[in-house]
Amino acid sequence: MNPLSMLLWVAFPYAAAAVFIVGHIWRYRYDKFGWTTRSSQTYENRLLRWGSPMFHFGILCVLVGHAVGLLIPQEWLFAIGINETMYHIGATVLGTAAAVFTLVGLVILIYRRRTVGPVFLATTRMDKVMYVFLGATLFFGTLATFSYQLFGTGYNYRETISPWVRSIILFQPQPELMAQAPLFFQIHALCATALFLLWPFTRLVHVFSAPVQYLFRPYIVYRSRDEHRSGTRATRRGWDPVAAPNPQRLRRP
Amino acid sequence: MKVMAQMSMVMNLDKCIGCHTCSVTCKQAWTNRTGVEYVWFNNVETRPGVGYPRTYEDQEKWGGGWVRTKRGRLKLRSGGRLNKLAHIFSNPNLPGVHDYYEPWTYDYDMLLNTPAGEQTPVARPKSLLTGQDMKISWSANWDDDLGGSVETMQDDPILKKMSEQVHAEFEQAFMFYLPRICEHCLNPSCVASCPSGAMYKRVEDGIVLVDQDKCRGWRMCVSGCPYKKVYFNHKTGKAEKCTLCYPRIEVGLPTVCSETCVGRLRYLGLVLYDVDRVAEAASVENEHELLDAQRDVILDPFDPEVIEAAARDGIPSDWIEAAQNSPIYKLIKQYRVALPLHPEYRTMPMVWYIPPLSPVVDVITGSGNDGEDARNLFAAIEKLRIPIEYLAELFTAGDTKPVDASLRKLAAMRSYMRGINLEEGRDESIAQTVGMTGTEIEEMYRLLAIAKYNDRYVIPAAHAETARELDELACSLDYEGGPGMGGPNRFGTSSGHPVPVAVENFHALANRQTSDRSAVTGRVNLLNWDGNGSTDGLFPPDAHGEVDGEHLEGEHLDADPRGGGGVGDHGPGDENRGG
């Protein structure tokens, strides 16, 4: 076991996981007011109408695909009669479709973010950093799928990458599994780990606000005025006075 | 029966002169911040007109409010829960900033700092969205006083419902102002639309609010509200709306818009209502019955049964008393002159309006007749179908009878009171034709015409057993994000903990005193002087070449002839008093 793979496939993932968890707790306590989707739909809707649903529904499919591929051992699927060929074809077809959707959506959204003035001015530095890592993760993931699964002979990541992910989760890390995976998969995993590290400090926190409870609550919410005062936090006022944005920021330096 | 209290408002449209004082003071108090430059919690529309945002009343387009299903249940017009979640990534009914208007400021700096030259400098409009030059082409009241109405009036969703001929006649005949705030509905569709559950109706006084800590910016409330009175702060990414000035209401003060209304046309007070019957009332089949259904939900605060139930449901006795003295209850239930705005949205709005009679009076006097004679007025109300139909589309889902009745009462009051003032005696027959007594008419007159502050605003203070946490009480320099902690805004505008007011003021003052540059040497800006010491350039440097307040006591009173125009005539004592 060389130190590099120890660093990349054990230390880094655990560090990222720790930052991910503690970071979210900290962010939620520190910054409930900043916890939002920061939607820019009111500025521009023509591009967003296509880009946003494509990206979001695409990435939800990608998420489900990763959960199935990484978390469920292949033996379990064999046991219910899904053999390697069936899985491979299913995963490749659905995965490719979802990847294309997500990437096209992301390209539309990034194009929109750069070219629509108000949207670009509302973009924070953290957003830009996040876009780099998100884009890289998606790009290398798609590249790996295309080169190995779609046009290649097929790489069975369920014998290396998936057990590695589960080994991390179960606190019995097996870095040697990941060390032998192809390069594109490795870069994809590293980008994703970095993205998890950044996650709590970006707008990606809105993922954890997915409003599932809306399906189960009564329509009209009543709340007493004393209820929300009973906490210990200080009354907050977050606002800035009106100022014209600096149009210089619209141009490339 | 479950009794709840609702703080509500009535506006007497006859008195509105369209001065926009309510809008301006509201804006100064609540939406003078970045991200809500385009937002007017209170706006005044000229009717007929397209309103703000443009054509917001066209629910076919915007999908706000509730609709009744075939099975007699209520459903959000833009779709139920699953539908909302499916459209969460791109809300198809969301108005863009341009449906309100593109906010702008002016390049005032140009006026102050342009060097002397042949041309007079101009302050160009700059977009507050992009910071670039823009052409101003719409605003919150662009069609004020029917200005430009030839271009836009045909887009008025109410006029569209009426016929061509009506349309043409209307343009010449009729105009009035409609001030609008959040309706603080009994059955709010914005609250029902919020996926996060961040919006709520306050149990104590029925005020509808957005919890800024729970809002996640899904934008469904903006499209869910048929009055378009929930706005999206594009900088913080959170929804904001009229709060009915709850910090003022809680201590017994009227809202800013009411307080500053020069026409004194707003009334504030409590009504008690039966929350168990709201859903049933909002889902009656015939739209014309919605008005009466809503009136029935409002309970009689003098009824011993209601008082008992209210006490059981935890409403304090001084609040019940306030409900009994409420001008709102009188105008809605007793005199029945006030009407709700667009009851057909089925949200049970609680800001009601007394329809304007003055246009009718104007028509009569314009034709050379006596505009205060009861018979003339009644005949005109009978004949002027067009304005009445328009008002009915606004206030009664198209049913002209309640508008008619309300206007008749106002007309009767007018001629009855004239009889008294001209010492012709009290003509009971006028009162009887509108189903009132002379005494009632006089009482209504007192309330509508000469009511004092305490009669117009009957607001019981909130029962706060613990003092509110005041910003200043919690203030110290070691707040999170304060000095040495990297500052707020790490995750975009306004994220993180707020800066205490005292700290903010300190920086603002320091900034004002130090940052203002002066293109003309020797110019003194006394506005930037806080009165301590002396300000640069006010006095010439002394022999040692320094400007120092302590040296001013005695000798150097001769002013620099180049700088500070008339300032030189005053001694330092004057200036200190001025500061």
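Helices here are DSSP runs of H or I with at least four residues, numbered from the N terminus. The views below are taken from a predicted model.

**Figure 1. Helix α7 of chain A is mostly covered.** The helix spans residues 161–169, and eight of its nine residues are buried. These buried residues are A:Ile161, A:Ser162, A:Pro163, A:Trp164, A:Val165, A:Arg166, A:Ser167 and A:Ile168. They pack against four helices of chain A, namely α1 (3–30), α2 (48–71), α8 (175–179) and α9 (183–198). After α7(A) comes A:Phe171, which has a positive phi, near 60 degrees.

Figure 2. Leaving aside residues up to four places away in sequence, A:Arg112 touches A:Ser40, A:Gln41, A:Glu44, A:Leu47, A:Leu48 and A:Val119.

**Figure 3. B:Arg81 of chain B lies over two tyrosine rings of chain A.** Over the face of A:Tyr219, B:Arg81 lies at 4.1 Å from the ring centre. Over the face of A:Tyr214, the corresponding distance for B:Arg81 is 6.0 Å.

**Figure 4. Aromatic residues of chain B, shown as a pair and as a cluster.** Across all chains, the whole structure holds 32 aromatic pairs. One of them joins B:Trp138 and B:Trp142, with 6.5 Å from centre to centre and 40 degrees between the planes, a tilted arrangement. B:Trp138 counts as buried because its relative accessibility is 10%, whereas B:Trp142, at 39%, counts as partly exposed. The aromatic cluster consists of B:Tyr38, B:Phe41, B:Tyr52, B:Tyr100, B:Tyr101, B:Trp104 and B:Tyr231.

**Figure 5. A three-stranded open sheet is built from strands of chains A and B.** The strand order is β1(A)-β8(B)-β9(B), and the pairing is mixed. At the edges stand β1 (222–223) of chain A and β9 (208–210) of chain B, each of which pairs on one side only. Strand β8(B), residues 199–202, runs antiparallel to β9(B) and is joined to β9(B) by three bridges. Within this pairing, B:Lys201 has B:Val208 of β9(B) as its bridge partner.

**Figure 6. A five-stranded open sheet in chain B.** Its strands follow the order β13-β12-β1-β15-β14, with mixed pairing. The edge strands β13 (298–299) and β14 (339–340) of chain B each have a single partner strand, so one side of each lacks a neighbour in the sheet. The partner of β14(B) in the order shown is β15(B), which covers residues 351–354; the two strands run antiparallel and are joined by two bridges. B:Pro340 has B:Trp352 in β15(B) as its bridge partner.

**Figure 7. Helix α17 of chain B and the residues at its ends.** At the N-terminal end, B:Ser326 caps α17(B), with a side-chain oxygen 3.1 Å from the backbone nitrogen of B:Ile328. The helix covers residues 327–334, and its buried residues are B:Pro327, B:Ile328, B:Tyr329, B:Leu331 and B:Ile332. Following α17(B) is B:Arg336, whose phi is positive, near 55 degrees.

Terms used: Residues are numbered from 1 along each chain as its sequence is written. Chains are lettered from A and ligands numbered from 1 in the order in which they are written. This is a predicted model: local features need pLDDT of at least 70, side-chain atom pairs count only at pLDDT 80 or more; totals for chains, interfaces and linings use all residues. Side-chain values use heavy atoms; hydrogens and water are left out. Rings of Phe, Tyr and Trp (its six-membered ring) pair if their centres lie within 6.5 Å; planes under 30 degrees apart count as stacked, over 60 as edge-to-face and the rest as tilted. Buried means under 20% relative accessible area, exposed over 50%, partly exposed in between (1.4 Å probe, protein chains only). A charge sits over a ring if NZ of Lys or CZ of Arg is within 6 Å of the ring centre and within 35 degrees of the ring normal. Contact means heavy atoms within 4.5 Å. Two strands pair if DSSP finds at least two bridges between them. A polar contact is a pair of N or O atoms within 3.5 Å; within protein, one must be able to donate a hydrogen and the other to accept it, and residues adjacent in sequence count only if both atoms are side-chain atoms.
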